[in-house]
Amino acid sequence: MHCPSCKTTHLIPSLLEHNLPVFSCNICQGSFIEILSYRMWVDHSAPAEKKTAGMLLAVDDSKHAMVCPHCAKIMSKYQISEHTPNKIDLCRNCGRFWLDAGEWRLLQELGLYLEIPSIFNEPWQKAIRKTVSKKLREEKLLTLFGVADYQKIKEFKDWVKIHPKRAQIMDYLNNLSRD
Ligand SMILES: [Zn+2]
Ligand SMILES: [Zn+2]
């Protein structure tokens, strides 16, 4: 099997953790993992205490589309969490996945290394997209109005949202230009 990321060399059997066999690349240091081996490790060998998130270090992520070294199908990308842009490549055909160098450590820092299969679920991905687009919207509004005014507008919005005369207030505001 060739490395799906740097494509320069063959993957060799190695251990990502004690009792977690993977195929890894000596050049780019990525790992190719069978979901079954991973599940066995989670169930029987993973350390009981979860590591907690420390300082998140930036980890390089391969941006190009990858082809599964096992079955030659195009792999799908799944963002790990809203706290990192890194994505895991999964072959939906054979269930094997690829971690770029450092992404295992990143999963540990995020406290997600025991929950990799959840990352491949649609609700997980949907929640990330929602948070990311909300953040982007907030940033845009902040740039548009500035911190102080945006704060005022938000307070006003919260106030008017539940006001019994909301319709009349909005009507009045919409017609401000006539004053
Ligand atoms: Zn490689
Ligand atoms: Zn595959």
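Helix 4 and helix 5 pass each other in a right-handed crossing, right-handed meaning that the near helix is turned clockwise from the far one by less than a right angle, and left-handed anticlockwise. Helices here are DSSP runs of H or I with at least four residues, and strands are runs of E with at least two, numbered from the N terminus. This is a predicted model, in which local features need pLDDT of at least 70 and side-chain atom pairs count only at pLDDT 80 or more, while totals for chains, interfaces and linings use all residues. Residues are numbered from 1 along each chain as its sequence is written, and chains are lettered from A and ligands numbered from 1 in the order in which they are written.

The axes of helix 4 (residues 122-145) and helix 5 (residues 147-161) come within 7 Å and cross at roughly 115°; axes are lines fitted to C-alpha atoms over the stretch in contact, with angles from 0 to 180 degrees between N-to-C directions. On the helix 4 side, Leu141, Leu142 and Phe145 meet Val147, Asp149, Tyr150 and Ile153 of helix 5, a contact being two C-beta atoms, placed from the backbone, within 7 Å. A residue is buried with 20 or more other C-beta atoms within 10 Å of its own, exposed with 12 or fewer, and partly exposed in between.

The largest nonpolar core has 24 residues, of which Phe32, Ile33, Met75, Phe97, Trp98, Leu99 and Leu107 touch the most other members. Such a core is a set of buried Ala, Val, Leu, Ile, Met, Phe, Trp, Tyr and Cys residues joined through C-beta atoms within 7 Å. Among the elements that give two or more residues to this core are strand 3 (31-34), strand 6 (96-99) and helix 2 (103-109).

Beyond four places in sequence, Met75 touches residues including Met66, Asp89 and Trp98. Asp89 lies in strand 5 and counts as buried because it has 26 C-beta neighbours inside 10 Å.

Most residues other than glycine have a negative phi. Lys7, in the segment before strand 1 (12-17), has a positive phi near 60°. Lys7 is partly exposed, with 14 other C-beta atoms within 10 Å. Ala72 has a positive phi of about 65° and sits in the loop between helix 1 and strand 4 (76-81). Ala72 is exposed, since 11 other C-beta atoms lie within 10 Å.
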